[in-house]
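This briefing goes through selected helices, residues and domains of the structure shown below. Points are grouped by topic.

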Amino acid sequence: MSNRIELPYTRFLDPEGRLVGELPAWGDDFNLLTDLYRRMVLTRLFDQKAVALQRTGRIGTYAPTLGQEAIGVAIGSLLRDDDVLVPYYRDTAVQLMRGVRMEEILLYWGGDERGSDFQDPRSKEDFPICVPIATQSLHACGVATAIKIRGQHRAVVTTCGDGATSKGDFLEALNVAGAWQLPVVFVVNNNQWAISVPRRIQSGAPTLAQKAIGAGFHGEQVDGNDVLAVYDRVQWALDRARHGKGPVLLECISYRLGDHTTADDATRYRDADEVKAAWQEEPIKRLQAFLAASEAWDEGREQALIADCQRQVQAAVDNFENAGTQPVEAVLDHVYARWPAALGDQREMLMERVARREEGRGHE
Amino acid sequence: MSNLNDTLEKRALLEAVNLALHRAMQEDENVVVLGEDVGVNGGVFRATLGLRDRFGFKRVIDTPLAETMIAGLAVGMAAQGLKPVMEIQFLGFIYAAMEHLVSHASRIRCRTRGRLSCPMVLRSPMGAGIRAPEHHSESTEALFAHIPGLRVVIPSSPARAYGLLLSAIDDPDPVIFLEPTRLYRMNPQPIIDDGRRLPLDTCFTLREGSDITLISWGASVHETLQAARMLEERGVSAEVIDVASIKPLDLDTLEASVRKTGRCVIVHEAPRSCGVGAEIAASLYERALLDLQAPIQRVTAPDIPPPLYRLEQLYIPSPEDVLAACELVLNYA
């Protein structure tokens, strides 16, 4: 008896950026392709900056997205304004594509809830990033249920890592999505590592995509380092979902080139040779080689892009550092829609605490 | 003048819940009921009876059997502006849903600075006394009361079930609405189905008195009222307060009563340690110590799982247990 289920696997570009299959019709749209490239580069430069900010104590723990830029950028460029993103904590790329501002992402990791109060209307219904593992899969199904009840032509994308696919929440989400044919696309970012636990001992299933089969819907694998492949499959899946044809699970195979978070040291559990080999597969170099070979990209454009991205990132860092802290009442303002009168004395308790500390500082 | 109540059909707590659900769904198309067996079957207790026929399968949803999923789904639906009213069949099955209640439902408003919110109600039967199997008889209201961002409401009569459930569904934040199974079919009373809400975060004084304050909620209100009547026969005037909203707790009403009577007994069916009774007692000591004539007494279940039904009456405080505590307080030197 075999546990192997044959599932599609999509790749257009090999690690050297050479075409390995026929591109879809949009494949000669070099405006689109260079835009995807620009977004990936911006994400990577922002990500590097965020790690540097953590190292110098200007933000708290951060989860780097290094190596996974293709997945988020492809999803983000395909989501429509009225679709909903229900992300996990390694989704900087797709959040930036949804109009979440870099300074908002820095505010969040810098310990300020304003970072999840996205100002761009495109992301107004998007969930904040989810730190508990896989719980967001169910929230996405709830959003999709609301969409289905209201008969709307919208879709939900929810993301998670390979570790999340072991959780009951993920499997319960697949189950209900299949049972009710919900307009939701599950994107599993299989980056091979759940902190220190490798994919091979995470699950006995040969693929993570086949978990959809047990729930009664379609799953397939995609080269998560090939932005064109991810774009193609997400476009197909979103289109199906918006037209009421039910859920899809895409397992995007990539590699977490960085640490799990800035609080982690992956050299403790990961072989240097493996990481070195993974760098040969990474998504930015691959698309750059393809674009250069097609004469849609060159060194001059590359330099201009990097300078432009660095300006954007620095402006965001400046905005973040000048954002100031919120008034102390802000910690009470959103626990309930209105602070309950029955908890009134706790508000007083907090304000007295603040007054005491200010008075204390006055005596210094 | 004829009494309107004489002509009204009497309804028990379970029917009052059903009536309120009908009313809420009729008033607001965003109200959606979901849970296991809530549709065709009308719920295992029949609290959702008739809703599917009247409001259709899109609004009265039988879910797969998965409590984590029900709670997670409700978070997503509520964030989209629906008002999911979910049923967990018994409070003993709710633990699978806890992560979504604690980490998401209660926090999404705060995490997003109000951009998203979670206007949902989780309904669940609670408590012992109906000879149910294991894991059906718990009173774990204190678990929820500890969580910032949640409201916890427990009605003790059909009228309060009706009015409080409507308010819970209106509320823009998540409400845990616990229905004492022991009262589901007891003491029917006339209910006017006029959509009138009762306030949340507020205690209800059921009986005025001057000698002692008896504080309770949920099914235990029943035994507490019996004890108050027994006290009356002995010439003791007891004030009885139904807390109703366990969180946020209306301490002002409780404080005013205790200042007046100088004596207090708290009665609840949940285990004693770290129970809501402890919170109330501590707050009353902070607020009214010098008005107290005697130490506050708690009458509670012991810190044990509810026994199987042959001995479950041991677990539930009886009117005599309440009376004994009252005597201790009244006779305190």
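What covers the buried residues of α10(B)? The model is predicted. In it, the cover over the buried residues of α10(B) includes the chain B strands β10 (212–216), β11 (238–242) and β13 (264–271), together with helix α11 (276–288) of chain B.

**Helix α10 of chain B**

- Helix α10 of chain B spans residues 251–261, and its buried residues are Leu251(B), Leu254(B), Glu255(B), Ser257(B), Val258(B) and Thr261(B).
- These residues lie on the same side of α10(B), because the arc they cover around the axis is only 165 degrees.
- In general, an α-helix has 3.6 residues a turn, so residues three or four places apart point the same way.
- Gly262(B) follows α10(B) and has a positive phi, near 75 degrees.

**Helix pair α9 and α13 in chain B**

- Helix α9 (residues 220–233) and helix α13 (residues 319–330) of chain B have axes that come within 8 Å and cross at roughly 55 degrees.
- The crossing of α9(B) and α13(B) is right-handed.
- On the α9(B) side, the residues that meet α13(B) are Glu223(B), Gln226(B), Ala227(B), Met230(B) and Leu231(B).
- On the α13(B) side, Pro319(B), Glu320(B), Val322(B), Leu323(B), Cys326(B) and Leu330(B) meet α9(B).

**Helix pair α4 and α11 in chain A**

- In chain A, the axes of helix α4 (residues 102–109) and helix α11 (residues 299–321) come within 8 Å, crossing at roughly 50 degrees.
- The two helices α4(A) and α11(A) are therefore oblique to each other.
- The crossing of α4(A) and α11(A) is right-handed.
- From α4(A), Met102(A), Glu103(A), Leu106(A) and Leu107(A) make the contact; from α11(A), Gln312(A), Val313(A), Ala316(A), Val317(A), Asn319(A) and Phe320(A) do.

**Arg301(A)**

- Helix α11 of chain A also holds Arg301(A).
- Arg301(A) counts as partly exposed because its relative accessibility is 38%, which lies between the cut-offs of 20% and 50%.
- Apart from neighbours within four places in sequence, Arg301(A) is in contact with Glu295(A) and Ala296(A).
- Arg301(A) and Ala277(A) are 24 residues apart along the chain, and 28 Å separate their C-alpha atoms.

**Asp162(A)**

- Asp162(A) sits in the loop between β3 (156–161) and α6 (168–180) of chain A.
- With a relative accessible area of 1%, Asp162(A) is buried, since the cut-off is under 20%.
- Beyond residues up to four places away in sequence, Asp162(A) touches Val188(A), Asn189(A), Asn190(A), Asn191(A), Gln192(A), Trp193(A), Ala194(A), Arg199(A), Gln202(A) and Leu208(A).
- Asp162(A) and Glu104(A) are 58 residues apart in sequence, with 26 Å between them in space, C-alpha to C-alpha.

**Domains**

- Chain A is assigned domain 1 (9–323) and domain 2 (328–362).
- The centres of domain 1 and domain 2 of chain A, taken over C-alpha atoms, are separated by 38 Å.
- Chain B is divided into domain 1 (2–190) and domain 2 (204–330).
- In chain B, the C-alpha centres of domain 1 and domain 2 lie 26 Å apart.
- The contact between these chain B domains takes 30 residues from domain 1 and 28 residues from domain 2.

Definitions and conventions:
Residues numbered from 1 in each chain as written. Chains lettered and ligands numbered in written order. Predicted model: local features only at pLDDT ≥ 70, side-chain atom pairs only at ≥ 80, totals over all residues. Heavy atoms only, no water. Buried < 20%, exposed > 50% of the residue type's maximum accessible area, 1.4 Å probe, protein only. Helix = DSSP H or I, 4+ residues; strand = E, 2+ residues; numbered from the N terminus. Arc of directions from axis to C-beta. Contact = heavy atoms within 4.5 Å. Domains from an automatic or database assignment. Axes fitted to C-alpha atoms, helices over the stretch in contact; angles between N-to-C directions. Left-handed = near helix turned anticlockwise from the far one by under 90°. Parallel < 35°, antiparallel > 145°, perpendicular 65-115°, else oblique.
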